[in-house]
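Please walk through the helix packing and the charged pairs of the model shown here, taking the contacts in turn and explaining what they join.

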Amino acid sequence: MIPINKPWIGEDEKREVLSVLEENSLTTAAKEGGKRVQEFERLMRDFLKVKYVISVNSGTSALHAALLAADIHNGDEVLLPSFTFVATANSVLAVGAKPVFVDINKADYTIDVENLRKKITNKTKAIIPVHLYGHPSNMDELLEIARNNSLQLIEDACQSLGSAYKNKQTGTFGTMGCFSMYASKVLTAGEGGAIVTDDYDIAEKLKMIRNHGMVEGYDTKIFGLNLRLPELSAAIAKIQMHKITQIFQRRRHNSKLMTELLDTISTNNVILPRESQDKKYNWYLYTICLSNNKLRNLLKDTLNHYGIGAAVYYNPPVHLTPYYQFKFPSSELPNTIWAADRVLSLPIHPLVTEEQITDISNIVKEVITKHQ
Ligand SMILES: *Cc1c(COP(=O)(O)O)cnc(C)c1O
């Protein structure tokens, strides 16, 4: 079985985890966090070239904490794509605000700025663009819309660590950027997350929010929760950060090879993912788009039959899940439905070999050329 994603864990991660156990330093409720939490945060700061990184225990917690820090609450509306992992919308509900779903563009499946403009009301307080699959959203337009309408911009960069828009890292454009270190993500801690910002006051607030709103201890000043990243997880994340360049190189190498092999198909039944001058991908997911739902499902079933973990992200989209459909009926999102019916992600993670990429591409070619 070749899973769609798999953590790349080596001897260094094992050694670091053992040293946490040997030191008996599993976690700390101190404001700045434990030794490895601080080391990880420093490495991520240097990598992203941001002033502050506040690690937390998941990407969901990162989004939740960011919305709390932005003072988004009951009565506020937050604009976000429906074509995302449900955590983006759930974090909006966690602060009592209303998620308003926006359509995506067909070019790279990120939030559609024209549709977004139409959904701004006098209750709108924030936009959460999602850099889905590691594809950067159209940040110039989003920054302009946010500025002109006094909206907070909180990036869901949970899938896009290392992706860049006009040579600037995703997650570093908005007031805050949120990252995930779940096991399937580009850089993992098992579970974990981080919020990044250049704003000192927001950083201080986030440190309080992850620790019950306390500063010194037992002095709760604002609402907070326990969102701390344990040292065992920080140990893994810290070592992963040391090999982040290698992780990106392997993903890029595998994606490039996949594109070279699939580019030989002479049919317009499939669209391959392409970078552009302005948008560089971390290749978190290599997502192709088939001409129709039947072909997509057939290709997925065939690949799965051969032990290849091709997967659909996301069907149903959030606004059509049972809970959201019932509680937050949305207007029609035609491009979202179009994509949910047609996309398919193929494994290209660092542990996939060139031989496996060739095998995967051969199955894709065979199925597609047979069903013109
Ligand atoms: C993974 C992910 C999250 C949530 O991260 P967790 O660490 O799983 O809580 C949020 N948004 C997107 C787009 C994600 O892919």
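In this predicted model, helix α2 and helix α8 cross with a left-handed sense. The axes of α2 (residues 35-48) and α8 (residues 231-242) come within 8 Å of each other and cross at roughly 30 degrees, which means that α2 runs roughly parallel to α8. On the α2 side the contact is made by Lys35, Arg36, Val37, Glu39, Phe40, Leu43, Met44 and Phe47, which meet Glu231, Ala234, Ala235, Ala237, Lys238, Met241 and His242 of α8. Sorted by class, this contact holds nine nonpolar, one polar and five charged residues.

Arg36 forms a salt bridge with Glu231, with 3.7 Å between the closest N and O atoms; because Arg36 lies in α2 and Glu231 in α8, the pair ties together parts that are 195 residues apart in sequence. Both Arg36 and Glu231 are buried. Glu39 forms a salt bridge with Lys238, where the closest N and O atoms are 2.8 Å apart, and since Glu39 belongs to α2 and Lys238 to α8, this pair ties together parts 199 residues apart in sequence. Lys238 is buried, with a relative accessible area of 11%, whereas Glu39, at 23%, counts as partly exposed.

The search of the whole structure finds 21 salt bridges. One of them, between Lys256 and Glu260, has its closest N and O atoms 3.6 Å apart, and both residues lie in helix α9 (residues 244-262), four residues apart, about one turn of the helix. Lys256 is exposed, with a relative accessible area of 54%, while Glu260 is partly exposed at 45%. Elsewhere, salt bridges that share partners join Glu16, Glu23, Lys35, Arg36, Glu39, Glu231 and Lys238 into one network.

Note on methods:
Residues numbered from 1 in each chain as written. Predicted model: local features only at pLDDT ≥ 70, side-chain atom pairs only at ≥ 80, totals over all residues. Heavy atoms only, no water. Axes fitted to C-alpha atoms, helices over the stretch in contact; angles between N-to-C directions. Helix = DSSP H or I, 4+ residues; strand = E, 2+ residues; numbered from the N terminus. Parallel < 35°, antiparallel > 145°, perpendicular 65-115°, else oblique. Left-handed = near helix turned anticlockwise from the far one by under 90°. Contact = heavy atoms within 4.5 Å. Nonpolar A, V, L, I, M, F, W, Y, C, P; charged D, E, K, R; others polar. Salt bridge = Lys/Arg side-chain N within 4 Å of Asp/Glu carboxyl O. Buried < 20%, exposed > 50% of the residue type's maximum accessible area, 1.4 Å probe, protein only.
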